[in-house]
Amino acid sequence: MTFVPHKKKPLLARILEWLNDSEEWPVWVQFFLLPRPLGRENFFAARVVLLVAMAFFTLQAIAGGYESWIAQFLHNLNLPVHETGHIVFGIFGKPVLTSLGGSLFQTIMPLVFCFALWIKPRDLFGASIALWWAFENLIDVAPYIEDALPMKLMLISGGTGAEAPYGFHDWNFILSETGLLLKCDSIASAVYAVGYLGMALCVLWGTWSLLYYLVYQRK
């Protein structure tokens, strides 16, 4: 009797087989990587265009930082949300929280859209765009943090923080009250890093959702 050794499938074949059998994925993997099925009515071509734009804008932001044209353009959209945040968090009656509310709110708002698209409809691509916007808001907030000590940025009042009363420059007030003013550069650098990394990961997340459709869901 001749013994015939069992041949293992190539690693790539096993990976593709695992990807194709999404019901076997751990729950947490399904949560992050299993999108809902797409059809023609979901405008796949438009999603590809949006993905390319998101990747391009990410490269622009990484190359130019806050001074990039995309960051400057989105700043005009983020600013009203920021100012609304001061009103919303002002309800709590805590001066530091009121000052922090602007930066918090402009980051929280995109997260609301992200989870609204992610949790129930499982539109991972839409969620990736909303999450990208949240990380982009960190690029909008970081220069404000960096300016906490020099206070040279022009504020909405038309003057700089150095010309305004104490408490008008949000991050000068926040970091002064928390004893972190001298660390403003380090905090800003960390916020920049998280923002850039997050934007890049969102591009990968969006890319995965479209590739999954092309390879495993398309009829």
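Modeller: Gladly, and keep in mind that this is a predicted model. Let me start with Met 151, which sits in the loop between H6 and helix H7 (170-177).

Colleague: Why is Met 151 called buried?

Modeller: Its relative accessibility is 18%. Buried means under 20%, so Met 151 counts as buried.

Colleague: And what is the phi of Met 151?

Modeller: Met 151 has a positive phi of about 50°, although it is not a glycine. Most residues other than glycine have a negative phi, and that is the reason for pointing it out.

Colleague: Where does Arg 122 lie, and what is its phi?

Modeller: Arg 122 lies in the loop between H5 and H6. Its phi is positive too, at about 60°, and Arg 122 is not a glycine either.

Colleague: How do you know whether Arg 122 is buried or exposed?

Modeller: The relative accessibility of Arg 122 is 15%. With the cut-off for buried set at under 20%, Arg 122 therefore counts as buried.

Colleague: Let's turn to a helix. What makes Ser 103 buried?

Modeller: Ser 103, placed in helix H5, has a relative accessible area of 5%. That value is under the 20% limit, so Ser 103 is buried. Setting aside neighbours within four places in sequence, Ser 103 is in contact with His 82, Val 141 and Trp 171.

Colleague: Now the pockets. What lines the largest pocket?

Modeller: The largest pocket has 21 lining residues, and those nearest its centre are His 75, Leu 79, Tyr 144, Leu 155 and Ile 156. Two or more lining residues come from each of helix H4 (69-90), helix H5 (95-118) and helix H6 (124-146). H4 gives the largest share, 5 residues. The volume of this pocket is about 460 Å³, and its lining has 10 nonpolar, 7 polar and 4 charged residues.

Colleague: How many nonpolar, polar and charged residues are in the lining of the second largest pocket?

Modeller: There are 10 nonpolar residues, with no polar and no charged ones. The lining consists of Leu 50, Ala 53, Met 54, Phe 57, Ile 70, Leu 74, Ile 129, Ala 130, Trp 132 and Trp 133. Ala, Leu, Ile, Met, Phe and Trp count as nonpolar, so the lining has no polar and no charged residues.

Colleague: Which helices supply that lining, and what is the volume?

Modeller: Helix H3 (44-64), H4 and H6 each supply at least two residues of the lining of the second largest pocket. Its volume is about 170 Å³.

Note on methods. Residues are numbered from 1 along each chain as its sequence is written. This is a predicted model: local features need pLDDT of at least 70, side-chain atom pairs count only at pLDDT 80 or more; totals for chains, interfaces and linings use all residues. Side-chain values use heavy atoms; hydrogens and water are left out. On a 1 Å grid over the protein atoms alone, a cavity is a set of points where a 1.4 Å probe fits but cannot get out, and a pocket is an open set with protein on both sides within 12 Å along at least five of seven lines; lining residues have an atom within 4 Å of a point. Grid points are joined across faces, edges and corners, and a volume is the space filled by probe spheres set on the points. Helices (H or I, at least four residues) and strands (E, at least two) are DSSP runs, numbered from the N terminus. Buried means under 20% relative accessible area, exposed over 50%, partly exposed in between (1.4 Å probe, protein chains only). Contact means heavy atoms within 4.5 Å.
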